[in-house]
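Here is the note you asked for on this model. Please read it alongside the sequence and the coordinates.

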Amino acid sequence: MKKNPVDHIIKAAQRPEGLSLDDSLAVLDAARCDLLSCLGAAYYFREMHYKREVTVHILNNVQNGLCPEDCRYCAQSRSSHALIEQYPMKPESEILAEAEAAYEQGAFRYCMVFAGTGPSDERIDRLCTIIRDIKKKYPIEVCVSPGIVSPVQAVRLKSAGLDRLNHNLNTSERYYGHICTTHSYNDRIGTLKAAKEAGLAVCSGVIVGMGEAASDVVDMAMRLRELKAESIPVNFFMPVPGVAITSASGLSPEYCLRVLCLFRLINPSAEIRMAAGREMHLRSLEAMGLYAANSLFLQGYLNVRGAADTRTLQMIRDAGFTIKSEVPLDELLAKASAYGEEDGIKTIKELRPFRKQ
Ligand code: SF4
């Protein structure tokens with residue numbers, strides 16, 4: 001790295017072709033570039049595109065478990081023995097109640113996540129009805145994570161009013177065979193291209209800490225740049241007991257911050273989310289992640305709890321950031337739930353708070 005690393009990284013990231021492979025690897029390497037320079041350069045772009053705003057997302061497992069795929073990191077996969085709650089798709093009334101609650105809790109976007117390979121046409125019919133109803137009732141953006149979809153299904157979701165489709169890349173093309181054998185990296189790329197062609201915004205995330213090399217992390221960030229992903233959740237692997245990959249590897253708080261900086265620098269205008277594992281792996285450095293990322297999840301992750309809402313909202317406020325919501329941060333903080341644990345699998349009550357008994 002050059003003498004003034006912040007300027008050097010900013011200039012390199014501004015080139016039409018973006019950060020080079022060598023500069024990208026330097027951002028991930030403590031011996032080659034100091035952390036504050038990486039954060040300073042990442043913040044330059046974060047501030048340019050998002051000021052000091054944080055977008056809050058709340059996940060909703062509209063269907064949980066029972067997946068025939070063998071993704072080795074996933075508690076819902078057929079290769080997992082994790083003791084999670086499993087259920088088929090929730091009824092529409094329950095999903096609408098959750099969308100309303102997400103809106104009232106300050107979520108800018110409501111995310112419905114399905115387990116499984118991909119949706120049947122019948123499921124797409126049901127989803128289209130639900131998307132239309134949510135959009136009619138609440139001024140909230142809607143994102144769906146439906147699994148692998150065809151170009152026709154993507155067009156139907158777009159016509160129903162869907163704003164964004166999530167389908168994670170998870171790891172690099174080179175490493176994909178180490179984490180899943182029942183579908184390919186190209187299946188995932190195909191879904192992202194179908195969503196883009198249908199006019200949907202695309203959210204596509206990664207999981208870091210599953211044994212991949214630093215060059216794989218760079219490869220993921222660059223592929224998402226090529227795909228023009230509007231939103232990139234950066235997950236830090238959280239090993240759930242019973243899942244095939246039993247531990248996270250190579251993750252220190254400092255390395256996690258470098259990864260967030262790298263995704264910001266390679267994808268300067270994308271919504272970069274410090275997603276699952278921010279509490280576990282960033283630990284005391286978590287608030288510094290906001291200098292690279294502009295988004296996070298509230299209320300934990302798919303099957304695993306996260307920090308209490310009060311702790312997360314207070315962290316945003318303490319670090320001098322605000323949230324993108326019609327509800328002011330102070331108001332949300334006053335009524336936020338102090339409930340939450342840093343670890344543990346979610347109970348059925350947490351996953352389905354509006355289920356009729
Ligand atoms: S990541 Fe998705 S496709 Fe893979 S096992 Fe989990 S739910 Fe199934």
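1. Basis. This is a predicted model, in which local features need pLDDT of at least 70 and side-chain atom pairs count only at pLDDT 80 or more, while totals for chains, interfaces and linings use all residues. Residues are numbered from 1 along each chain as its sequence is written.

2. Helix H10. Helices (H or I, at least four residues) and strands (E, at least two) are DSSP runs, numbered from the N terminus. H10 covers residues 253-266, and its end C-alpha atoms lie 20 Å apart, in agreement with the 20 Å that its 14 residues should span at 1.5 Å a residue. The expected span is 1.5 Å times one less than the number of residues. Because 12 of its 14 residues are buried, H10 is largely enclosed by the rest of the structure. A residue is buried if 20 or more other C-beta atoms lie within 10 Å of its own, exposed if 12 or fewer, and partly exposed in between, with C-beta atoms placed from the backbone.

3. Nonpolar core. The largest such core holds 110 residues, and Val234, Leu260, Cys261, Leu262 and Leu265 have the most contacts inside it. H10 gives the most to this core, with 10 residues. A nonpolar core is a set of buried Ala, Val, Leu, Ile, Met, Phe, Trp, Tyr and Cys residues joined through C-beta atoms within 7 Å. Beyond its neighbours within four places in sequence, Leu265 is in contact with Ile9, Ala13, Leu19, Val27, Ala41, Ala42 and Phe45; contact requires C-beta atoms, placed from the backbone, within 7 Å.

4. Helix H9. The 13 residues of H9 (214-226) reach 19 Å from first C-alpha to last, close to the 18 Å expected. Its buried residues are Asp216, Val217, Val218, Asp219, Met220, Ala221 and Leu224. The elements covering them include helix H2 (21-27), strand E6 (206-208), strand E7 (231-236) and H10.

5. Strands E1 and E2. E1 (residues 53-61) and E2 run parallel and are joined by five bridges; pairing requires at least two DSSP bridges. His57 stands opposite Arg109 in E2. Four of the five residues of E2 (109-113) are buried.

6. Leu298 lies in strand E9 (residues 295-298) and counts as buried, with 23 C-beta neighbours inside 10 Å. Leaving out residues up to four places away in sequence, Leu298 touches Val56, Ile58, Gln105, Asp309 and Thr312. Ala308, in the loop between E9 and helix H12 (309-318), is 10 residues from Leu298 in sequence and 8.1 Å away, C-alpha to C-alpha. Ala308 is partly exposed, with 19 other C-beta atoms within 10 Å.

7. Positive phi. Most residues other than glycine have a negative phi. Lys228 has a positive phi of about 55°; this residue lies in the loop between H9 and E7 and is partly exposed, with 13 C-beta neighbours inside 10 Å. Arg283 has a positive phi of about 45°. Arg283 is found in the loop between helix H11 (278-282) and E9 and is exposed, with 12 other C-beta atoms within 10 Å.

Technical notes. Contact = placed C-beta atoms within 7 Å.
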